[in-house]
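Please walk me through this structure, beginning with the ligand and what surrounds it. After that, I would like to go through the loops and a few pairs of residues.

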Amino acid sequence: MKNSVHPRKVEFFRHNIEAEDIGRLQEVFDSIFLTTGSATAEFEQKFAEYIGISFVTGVTSCTAALHLALLAIGIGAGDEVITTPMTFLATATAILHAGATPIFVDVEPETGLINPKKIPAVVTSRTKAILPVHLYGAMADMRSIRTIADQYKLKIIEDCAHCIEGERDGIRPGMLSDFACYSFYATKNLTCGEGGAVATRHRLLNERIRLLRLHGINADASTRYGLQYRHWDMEVLGWKYNMDNIHAALLIRQIARLDGYWKRREEICQGYERAFEKIPGIAFPKVPGKSARHLQTLWVDAGRRDEVMWKLQQSGIGVGCNYRAVHTLKYFRESLNFQPSDFPIAYEMGCRTLSIPLYPKLSNEELDYVVENIKKIVG
Ligand SMILES: *Cc1c(COP(=O)(O)O)cnc(C)c1O
């Protein structure tokens, strides 16, 4: 049973890449430049317009985006960065990559978002930044986090891997922070397989990101092309995180379709919420403001979660687990000495959570099939 393959009726995720995206990709292959160049620049400009933040730099992943954002504000060994344990592990490992220490604070029980009220208690003289995550598409309380950051003179880097389209208290991602970091990984709302971006309102910080994303050298291949040869130089120790024209090409035309996709996901989530509202044994996170609707998560009894996931799989329904709390993963327990009980709300949430199919191509028939099976299994 454990390893059997079930006929898949409803996929967990299906991407939205269409013929016009492949068309834009063909243009790249018909040109001379495959690596970072005009398609990357076009993507950066169109994405900046969509999110309403002045500067965007395309990179290879959100993990890279977070890493560069931390480096760009000078975070390194001996520094502490406050974040949430209810996230994908990359939020915390980016802090480790920068040489700093992740300091977790527990989450709000109703939303799963970082609890701003718990931040001041963990601020020390080593604290340099707060790294909130807009979990499942719902924005963290950025106004409160901004107030705390001002009080203690901290930087803010937002993990927006789930949240391109969200809004809360009149604020969108990137508006109150130093950096907003995005993911275009295979299952994200906007995808090219692997990709990411750093957005910032600050020109100098953006220049720093651009330098760090490509070896710390001061001119990329496409800006050198066709000009009389001039030697480039390496100014700082950088990384190899540049988004190429191939990945950028797949993203460019999806941007104009994002709002339509969001509307369909909103409809699906409302359908799920209506269906599960009065079912005992099923709860789901509260959504403050407008959620980007990246994941539909349910909370069931901790003891039943895995069984519910397996039974859904046996009915041919794709499922996910977003997330078991980061501090409970082996590396964090064994190498960093965390105990599950250190952050009990995130720990319990991580034992109760499962994610069900959510994407624009999910049909009403598929939605009904998922709802019917969940009611049968949990009820
Ligand atoms: C997907 C994800 C990341 C990492 O994104 P990559 O592009 O795969 O590096 C970081 N944080 C969260 C919350 C994510 O869901």
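**The ligand and its shell**

Two helices, α3 (62-72) and α4 (90-97), each contribute at least two residues to the shell around the ligand. Helices here are DSSP runs of H or I with at least four residues, strands are runs of E with at least two, and both are numbered from the N terminus. The model is a predicted one, in which local features need pLDDT of at least 70 and side-chain atom pairs count only at pLDDT 80 or more, while totals for chains, interfaces and linings use all residues. Residues are numbered from 1 along each chain as its sequence is written, and side-chain values use heavy atoms, with hydrogens and water left out.

The ligand is surrounded by 16 residues, and the closest are Thr63, Asp159, His162, Ser183 and Lys188. By class, the shell holds seven nonpolar, seven polar and two charged residues. In this division Ala, Val, Leu, Ile, Met, Phe, Trp, Tyr, Cys and Pro are nonpolar, Asp, Glu, Lys and Arg are charged, and the others, Gly among them, are polar.

Taken alone, the ligand exposes 380 Å², and the protein buries 93% of that. These areas come from the Shrake-Rupley method with a 1.4 Å probe; for residues, only the protein chains shown count as cover.

The space that the ligand takes is the largest pocket. A pocket is found on a 1 Å grid over the protein atoms alone, as an open set of points with protein on both sides within 12 Å along at least five of seven lines. A molecule sits in a pocket if more than half of its atoms lie within 2 Å of its grid points.

**Backbone features in the loops**

The peptide bond that joins Asn322 and Tyr323 is cis, with omega at about 10°.

Where does Tyr136 lie? It is in the loop between β4 (127-131) and α5 (142-152). Phi of Tyr136 is near 65°, a positive value in a residue other than glycine. Tyr136 counts as buried because its relative accessibility is 5%; buried means under 20% relative accessible area, exposed over 50%, and partly exposed in between, with a 1.4 Å probe and protein chains only.

Arg293 also has a positive phi, near 55°, and is not glycine. Arg293 belongs to the loop between α9 (258-276) and β8 (296-299). With a relative accessibility of 8%, Arg293 counts as buried.

**Pairs of residues in sequence and space**

The loop between α9 and β8 also holds Ala292 and Ile282. Ala292 is buried, because its relative accessibility is 0%. Ala292 and Cys163 are 129 residues apart in sequence, and their C-alpha atoms are 5.2 Å apart. Ile282 is buried at 9% relative accessibility. From Ile282 to Val378 the separation is 96 residues in sequence and 7.5 Å in space, C-alpha to C-alpha.

Other pairs are set out in the same terms. Gln270 lies in helix α9 and, at 36% relative accessibility, is partly exposed. Between Gln270 and Gly76 there are 194 residues in sequence and 43 Å from C-alpha to C-alpha. The backbone nitrogen of Gly76 is reached at 2.9 Å by the side chain of Asp79. Asp79 is in the loop between α3 and β2 (80-83), and it counts as buried at 9% relative accessibility.

Ala48 has its place in helix α2 (residues 38-51). Its relative accessibility is 9%, so Ala48 counts as buried. Ala48 and Leu96 are 48 residues apart in sequence and 28 Å apart in space, C-alpha to C-alpha.

Note on methods
A residue is near a molecule or strand if one of its heavy atoms lies within 4 Å of it. On a 1 Å grid over the protein atoms alone, a cavity is a set of points where a 1.4 Å probe fits but cannot get out, and a pocket is an open set with protein on both sides within 12 Å along at least five of seven lines; lining residues have an atom within 4 Å of a point. A polar contact is a pair of N or O atoms within 3.5 Å; within protein, one must be able to donate a hydrogen and the other to accept it, and residues adjacent in sequence count only if both atoms are side-chain atoms.
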